[in-house]
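Hello,

Here is the structure I promised to pass on to you. Have a look at it first, and then read my notes below with the model open beside you.

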Amino acid sequence: MAAGKTHDFHILNPSSRPLMMSMAVLVLAAGAIGWMHKAGWGMATFFAGLAAVSAMFFLWWKDVVHEANTGDHTPVVQLHHRYGMILFIASEVMFFVAWFWAYFNAALYPSMHEGIEGAWPPKGIELLDPFVFPLLNTLILLLSGTTVTWAHHALIHDDRKGLKQGLWVTIALGLIFTCVQAYEYHHAEYGLADSIYGAAFYMATGFHGFHVIVGTIFLIVCLARTYKGDFTPRHHFGFEAAAWYWHFVDVVWLFLFIAIYVWGSKFGAAVAQSPLG
């Protein structure tokens, strides 16, 4: 009994995963830097690092799933996972705050930025109509928020069919959102390098689009685990974390739609001409 487990915590066994992930990220960063500096080895190194990081994500999370299925995720451990996910989402909120800050700083104080002649939006920028594709994507994400909630509700009530249907619909909506955004980007009249407006617009909306792709992959993994028989009404934090993340993505898009698409197109120019600008 002296050697038995007398607590509810999960003590991890020694693992090489952290070291291997660190090495993979180092290769990825070196490749990205080399590629941006147009080094001959940069692009190949970047994609090699990306493949290594993706493999490490798969292997590490596979270990976590195994721990959950073997009973290592006690109620105390699950609580700490929830704290970790909350802190992660909080860090993501601050990440997007930086892009909103950059956008509003340029929009409200255009005279402080060179190359845009004190006007917002800058001259020559043909803004996208917010009530066509941006509005469509807003409706798509709002609907996806309801379908992932439907899936979660079905799981809580042990309705496996409803869980699968809700996940399938949510994943489809996420893929449609990504396709619509790609179409919008392809037909935009300005690019990332076209003044601070293009930089702020694409960094904010582009990183959001990246988060949608990550969230869609997260939900695809949950769907695969569902077909394997994982998740129970009382033990399903993996799915719950995916649902939290997806709702976060929904909320960020609402702020992007209102601030960058609607306010930027209809009211940004008038505000920029006020004494603040």
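**What I found**

In the protein chain, 75% of the contacts with a separation of 6 or more are between residues 24 or more positions apart. Please keep in mind that this is a predicted model.

**The overall picture**

Let's start with the whole chain. Its secondary structure comes to seven helices and zero strands, so the order of elements from the N terminus reads α-α-α-α-α-α-α. Taken along the principal axes, the C-alpha atoms fill a box of roughly 75 × 45 × 30 Å. Of the 277 residues in the protein chain, 38% are buried.

Val65, Ala68 and Asp72 supply 65% of the area that domain 1 buries against domain 2, more than any other three residues. 

The rule finds zero salt bridges between domain 1 and domain 2, and one residue pair in polar contact, with both residues at pLDDT 80 or more.

**Salt bridges**

Side chains of opposite charge can pair when their charged atoms come close. A search of the whole structure finds three salt bridges, and you can look them up one by one.

- Arginine 17 and aspartate 63 meet through their side chains in a salt bridge, at 2.9 Å from N to O. This pair links distant parts of the chain, with arginine 17 in helix 1 and aspartate 63 in helix 2 (residues 42-69), 46 residues apart. Arginine 17 has a relative accessible area of 18%, so this residue is buried. Aspartate 63 is partly exposed, because its relative accessible area is 26%.
- Arginine 82 and glutamate 240 form a salt bridge between their side chains, at 2.6 Å from N to O. This pair also links distant parts of the chain: arginine 82 is in helix 3 and glutamate 240 is in helix 7 (residues 237-272), 158 residues apart. With a relative accessible area of 22%, arginine 82 is partly exposed, whereas glutamate 240, at 12%, is buried.
- Arginine 225 and aspartate 230 meet in a salt bridge between their side chains, at 3.0 Å from N to O. Arginine 225 and aspartate 230 are both buried.

Is threonine 170 buried or exposed? Its relative accessibility is 0%, and buried means under 20%, so threonine 170 counts as buried. Threonine 170 lies in helix 5 (residues 160-187). Leaving out residues up to four places away in sequence, threonine 170 touches Ser144, Thr147, Val148, Leu219 and Trp246. For one of these neighbours there is a distance to check: a polar atom of the side chain of threonine 170 lies 3.2 Å from the backbone nitrogen of valine 148.

Aspartate 8 and threonine 170 are 162 residues apart in sequence, and their C-alpha atoms are 35 Å apart in space.

The last one is lysine 123, in the loop between helix 3 (75-108) and helix 4 (133-156). Lysine 123 counts as exposed because its relative accessibility is 66%. In sequence, lysine 123 and serine 195 are 72 residues apart, while in space they are 9.8 Å apart, C-alpha to C-alpha.

Enjoy exploring the model!

Best wishes

Key. Residues numbered from 1 in each chain as written. Predicted model: local features only at pLDDT ≥ 70, side-chain atom pairs only at ≥ 80, totals over all residues. Heavy atoms only, no water. Buried area = accessible area lost by both parts, 1.4 Å probe. Salt bridge = Lys/Arg side-chain N within 4 Å of Asp/Glu carboxyl O. Polar contact = N/O pair within 3.5 Å; in protein donor to acceptor, adjacent residues only side chain to side chain. Helix = DSSP H or I, 4+ residues; strand = E, 2+ residues; numbered from the N terminus. Buried < 20%, exposed > 50% of the residue type's maximum accessible area, 1.4 Å probe, protein only. Contact = heavy atoms within 4.5 Å.
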